[in-house]
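Welcome, and thanks for taking a look at this one with us.

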There are 2 protein chains.
Amino acid sequence: MRIVAKEEGKVSDAVVRRLPRYYRYVRELMRNGVTRVSSAELSKRMGLTASQIRQDFNCFGGFGQQGYGYNVEELYEQLTRILGLDEQYNTIIIGAGNIGQAIANYTDFEKDGFILQALFDINPRLIGLAIRGIEIRDIDELGAFVQQHPIDIAIIATPRAKAQEVADMVVRYGIKAIWNFAPVDIVVPSDVVIENVHLSDSLYTLSYKIKELRSDPD
Amino acid sequence: MRIVAKEEGKVSDAVVRRLPRYYRYVRELMRNGVTRVSSAELSKRMGLTASQIRQDFNCFGGFGQQGYGYNVEELYEQLTRILGLDEQYNTIIIGAGNIGQAIANYTDFEKDGFILQALFDINPRLIGLAIRGIEIRDIDELGAFVQQHPIDIAIIATPRAKAQEVADMVVRYGIKAIWNFAPVDIVVPSDVVIENVHLSDSLYTLSYKIKELRSDPD
DNA sequence: TAGATTGTTAATCGATTAACAATC
DNA sequence: TAGATTGTTAATCGATTAACAATC
């Protein structure tokens, strides 16, 4: 009998980066009522090699079946579990400007189990307002709030200059995960995980691609 | 005498993804009045090897000096040029909801030369409104607008279900670059470049990291 | 059973790191 | 000049692809 999950945790970053994409595609298959899929078929849709898909899945144990392929529902459940999307996460947003408000309003994340509990800002004009019924609080209340409400993820949407300071603060209050939207690399202790959304980096990459395209239209 | 720029265009994706980060760090050095930097020093700040930094820069020609290092201003100018940030780009946003409005309000991109010319939406309640003085237009006017105003980049901020349709439209109107915020992989011809900001993928990656951290706190 | 497709090992490819001659 | 640091070649490492036995 085969053990369902191999020793996870030493999976390379390259593989981890592909997992959300697998999740999206398999979820789409679910929505379309597809019940089984082979690595060959998935490879055609996703533009990867079938070999790579099988290698990737096998980092987490074999959940396919020889001669059949993968059961879509089973695969979806496994990917959900692997990504930790079978749990709920309490979040707060720090910085209730443009970006902060946009994320607060983006309800799709709630469907995936990321529950926004509060926003925080330094600006008196924003404090006391609410987005989707969720109050914007004074940053000074952060410590007290976190003590009373266990928070899994702090979403940093402050200006660049304040981001590291805010990060230090949330780390001090015991929050172990940061989703950072400020255009700067934040430094955190090794027992805190961070994921960056560097919008400007993405835009610069696009302008690089444009330049490349224009100089060499292949 | 050495040629300043090697044959660019065959640079690996791994290198290209690091370029915006180099740009940010070197800009920061400029701001702080630093005039020279060695690959060893930069490597310490950025958490890369000095070897990798030299290899990366040398994809675009040697702009360092033996025994001295790199002149910060020169390096900054080179990176600006390499990324295509010495030019201006006209942009439009399609989808003037949360995300679209947030991007429209984020003025930092204008400083880098990305000029927002218009927003487009399908919702009659939004059409006619303006953000930073830039009008939200009916999506039906897109074709006529693009004909009169040359647009370099279309920023797609529509719901998932409309993204591919909108992409097909902008491609038909001759726009060659797409910055996509919809949580879906858009298909475009090979003479169009695309860069995705998959926020949900980033969030799922974070939840993966949280799970990993909790199961194996190293 | 025969056909299909996985899981897994081996081969290849590309990216990163190390080393050092060139040279400022 | 001597010391420092690049540019570049060679060595290593890791990720991707190919191949195929296992097996449903």
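Predicted model: local features only at pLDDT ≥ 70, side-chain atom pairs only at ≥ 80, totals over all residues.

The briefing starts with the protein–protein interface and then turns to DNA strand C.

**How chain A and chain B meet**

- On each side the interface has a count: 66 residues of chain A are in contact with 66 residues of chain B.
- Together the two chains bury about 5900 Å², and carbon and sulfur atoms account for 59% of that area.
- Polar contacts between chain A and chain B link 32 residue pairs, counted where both residues have pLDDT 80 or more.

**What the chain A side is built from**

- Four helices of chain A give two or more residues each to the side that touches chain B: helix 1 (13-31), helix 4 (72-83), helix 5 (98-105) and helix 9 (199-215).
- Strand 8 (177-180) and strand 9 (193-196) of chain A also give two or more residues to that side.
- Helix 9 of chain A provides the largest share, with 16 residues.
- By residue class, the side of chain A that touches chain B holds 33 nonpolar, eleven polar and 22 charged residues.

**The surface near DNA strand C**

- There are 27 residues around DNA strand C, and those that come nearest are A:Ser39, A:Gly64, B:Ser51, B:Gln55 and B:Gln65.
- At least two residues of this surface come from each of three helices: helix 3 (50-58) of chain A, and helix 1 (13-31) and helix 3 (50-58) of chain B.
- Helix 3 of chain B gives the largest share of the surface near DNA strand C, four residues.
- The surface near DNA strand C divides into 18 polar, five charged and four nonpolar residues.

**Which parts of DNA strand C the protein meets**

- Sugar or phosphate accounts for 58% of the atoms of DNA strand C within 4 Å of the protein, and bases make up the rest.
- On the phosphate side, a polar side-chain atom of A:Asn58 lies 3.1 Å from a phosphate oxygen of DNA strand C.
- A:Phe63 uses its backbone here: one of its polar backbone atoms is 3.3 Å from a phosphate oxygen of DNA strand C.
- For a base, look at A:Gln66, where an N or O atom of the side chain is 3.4 Å from a base oxygen of DNA strand C.

Technical notes
Residues numbered from 1 in each chain as written. Chains lettered and ligands numbered in written order. Heavy atoms only, no water. Contact = heavy atoms within 4.5 Å. Buried area = accessible area lost by both parts, 1.4 Å probe. Polar contact = N/O pair within 3.5 Å; in protein donor to acceptor, adjacent residues only side chain to side chain. Nonpolar A, V, L, I, M, F, W, Y, C, P; charged D, E, K, R; others polar. Near = heavy atom within 4 Å.
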